[in-house]
Amino acid sequence: MSTQQLNSFRSGPDERGRFGNFGGRFVSETLMPLILDLEARYEHAKTDDSFWAEMDHLWTHYVGRPSPLYHAERLTERLGGAKIYLKRDELNHTGAHKINNVLGQILLARRMGKTRIIAETGAGQHGVATATVCAKFGLKCVVFMGATDVERQKPNVFRMKLLGAEVVPVTAGRATLKDAMNEALRDWVTNVEDTFYCIGTVAGPHPYPAMVRDFQAIIGKEVRTQMEEAEGRLPDSLVACIGGGSNAMGLFHPFLDDPSVRIIGVEAGGHGVDERMEHAASLTGGRPGVLHGNRTYLLQDDDGQILEGHSISAGLDYPGIGPEHSWLHDMGRVEYVSVTDREALDAFKLSCETEGIIPALEPSHALAHVMKLAPTLPGDHLLVMNMCGRGDKDIFTVAEALGVEM
Amino acid sequence: MSRIAARFAKLKQDGRKAFVAYVMAGDPDYDTSLEVVRGLPAAGVDVIELGLPFTDPMADGPAIQLAAGRALEAGMTLRRTLDLVRAFRQQDDSTPIVLMGYYNPIYSMGVETFLAEAKGAGIDGLIIVDLPPEEDDELCLPAARAGLNFIRLATPTTDDRRLPRVLQNSSGFVYYVSITGITGAAAANAARVGPEVARIKAATDLPVCVGFGIRSPEAAQQLAGVADGAVVGSAIVQELAAGKSPAQVLDFVRALAEGAHRG
């Protein structure tokens, strides 16, 4: 490793797909040739101007990028401290940041001649984004979704079906995101010839964590430019929620080598991060292990069996976290905290009331931490929170949690 | 000579194909599982593949997933799995045992601790599905230093360019996965598998056994016929799942073994 790389937080992963000791390629032999091929094709596309030109065109005309960086005045006033900006990725086509990455992977799949796309989904946002882009390009799309999530995210299930995707409910385990990912891997190992696995977060075997990060980094790149235009300088702190961690990595990565920028990831604390393990906070309540192709912090028992975790948000309900986050945690570059279901619900309501933005439950976690942090900071402190998804999909869950009959 | 090498040498001398049987440790509970495992050698099993239960068996089909769930539900752990092997070894010191599973329970225990315990308990080899050659320094190389065989899966996607990498650091035998897919799925096809096994045998002196998709004595005979042995897992596990007694399960195993031995 060169001196320059040692001085950067942005040079990973290494040639083995490792971020420090995290990441790697822990997959069965059947999949190894496929992910090596994917890595080679991605490395080529990454340096191909025509690939990025196609991405930029679609980001602008199909997704609606750049998303605004919005000064949330009433929220700032209410919390009485830091000047709060929201990165409005909930305004993207399909209502979340997920499509940033899906476009990249589908363009790559097309270049590789793959005709069938599979995906896992938790809250359904990644599934909807994948179904959307597959519809646009006329590709067959199969989405694996835990049966529990199918039940609690009905609007997104119907959206995927309208878009022509086949939604496969997965009943194994507790029937949530982890189990959907297992099933997608089983499908991929069976249909190796024509199928491309479009992973929705910065997890999975190398090259997925790096590739998904590179596609999501558009979020942070735009924030740099937009903040320069708005305030003439870098932001002072960044806050984003973390399940697998793709929206957070997208926002954080372009700022990792700016030491003046404080970076905070917010995990789902469920009913509280304690020995009951009724949460989904892998970093604050887990330890390193190997699952879904990479080494990372995991919720697990003493025997190394994976625990299911809990969160009110189906998108954060995952027992692992992207390996690069695990590394940034151990390096101390990014702070990771957790907030509870209850705190996230309070933040959900605050966003609706003060800004007229119905947030998804995922970024409501980020906002819940902003509610604690912002009042402790001076008025000239520039805080950016990633509003990574809109909350239409969550209104039923929220109504139930608030005891409201719909 | 390791138990695995000794067993394959004996089979070669006798002009017989190997029958490898997979059962999940602790399925449906520790005592029943031990009774089945103890009966396998007398039922004609040459090598025992003992499944290590894991919550997320990504390369396995429903039969093995459910078996792992039953075992975990009944309190099975990696430590109890090692206990089961120790109990088996009190009566049988020659039948090789290969532990098959996923890396995380081993990583969680600590690789060096695990290797010392496994060797001491009487385990002869490891098949760890999510450790490809690219991750050899995790467990494969330490296992070799500890005197345990590391048995690798070769698959239909392992082309000639990749095969040397898969064979390097492999020991014991090579497990050829007859299909692209998960355990217990599509039926294996001897006519297609034969040339693949020949391709692997041209590149290694290790015995090659074929598994995935073998469900009957006839299939065991056909697949063993084009290789050095046949592996059956899901079909045996399903007998247990159907509530068959250990004696009934062992009768089923005996028929499979006779099939493989005719191959």
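Select Lys98(A) to begin: this residue lies in helix α5, residues 98–111 of chain A. Helices here are DSSP runs of H or I with at least four residues, strands are E runs of at least two, and both are numbered from the N terminus. The model is predicted: local features need pLDDT of at least 70, side-chain atom pairs count only at pLDDT 80 or more, and totals for chains, interfaces and linings use all residues. Residues are numbered from 1 along each chain as its sequence is written, chains are lettered from A and ligands numbered from 1 in the order in which they are written, and side-chain values use heavy atoms, with hydrogens and water left out.

An unreviewed UniProt entry lists Lys98(A) for "modified residue: N6-(pyridoxal phosphate)lysine". UniProt positions are given in the numbering used here, feature names are shortened, and annotations may be inferred rather than shown by experiment.

Is Lys98(A) buried or exposed? Lys98(A) is buried, with a relative accessible area of 16%. Buried means under 20% relative accessible area, exposed over 50%, and partly exposed in between, with a 1.4 Å probe and protein chains only.

Now show what surrounds Lys98(A). Leaving out residues up to four places away in sequence, Lys98(A) touches Gln125(A), His126(A), Ala129(A), Gly200(A), Thr201(A), Gln216(A) and Ser246(A). A contact means heavy atoms within 4.5 Å.

Next, select Thr94(A). Thr94(A) sits in the loop between β4 (83–87) and α5 of chain A. Its phi is near 80°, a positive value in a residue other than glycine. Thr94(A) is buried, at a relative accessible area of 13%.

Go on to two prolines in chain A. Pro13(A) is in the loop between α1 (3–6) and β1 (18–19). A cis peptide bond links Gly12(A) to Pro13(A), with omega about 0°. Pro66(A) is in the loop between α3 (49–63) and β3 (69–71). Here a cis peptide bond joins Arg65(A) and Pro66(A), and omega is about -5°.

Zoom out to the whole of chain A. Chain A has 17 helices and 14 strands. Its radius of gyration is 20 Å, close to the 22 Å that the globule rule gives for 406 residues, so chain A is as compact as a globular protein of that length. That radius is taken over C-alpha atoms, and the rule is 2.2 Å times the number of residues to the power 0.38. Along the principal axes, the C-alpha trace of chain A spans about 55 × 55 × 50 Å. Of the 406 residues in chain A, 65% are buried. Among contacts between residues at least 6 apart in sequence, 73% join residues at least 24 apart in chain A.

Switch to chain B and select Phe212(B). Phe212(B) is in the loop between β8 (208–211) and α10 (217–225). Phe212(B) has a positive phi of about 80°, although it is not a glycine. Is Phe212(B) buried or exposed? Phe212(B) is buried, with a relative accessible area of 9%.

Chain B holds 12 helices and 9 strands. The radius of gyration of chain B is 17 Å, close to the 18 Å from the globule rule for 263 residues, so chain B is as compact as a globular protein of that length. Its C-alpha atoms fill a box of roughly 45 × 40 × 35 Å along the principal axes. Buried residues make up 63% of the 263 residues in chain B.
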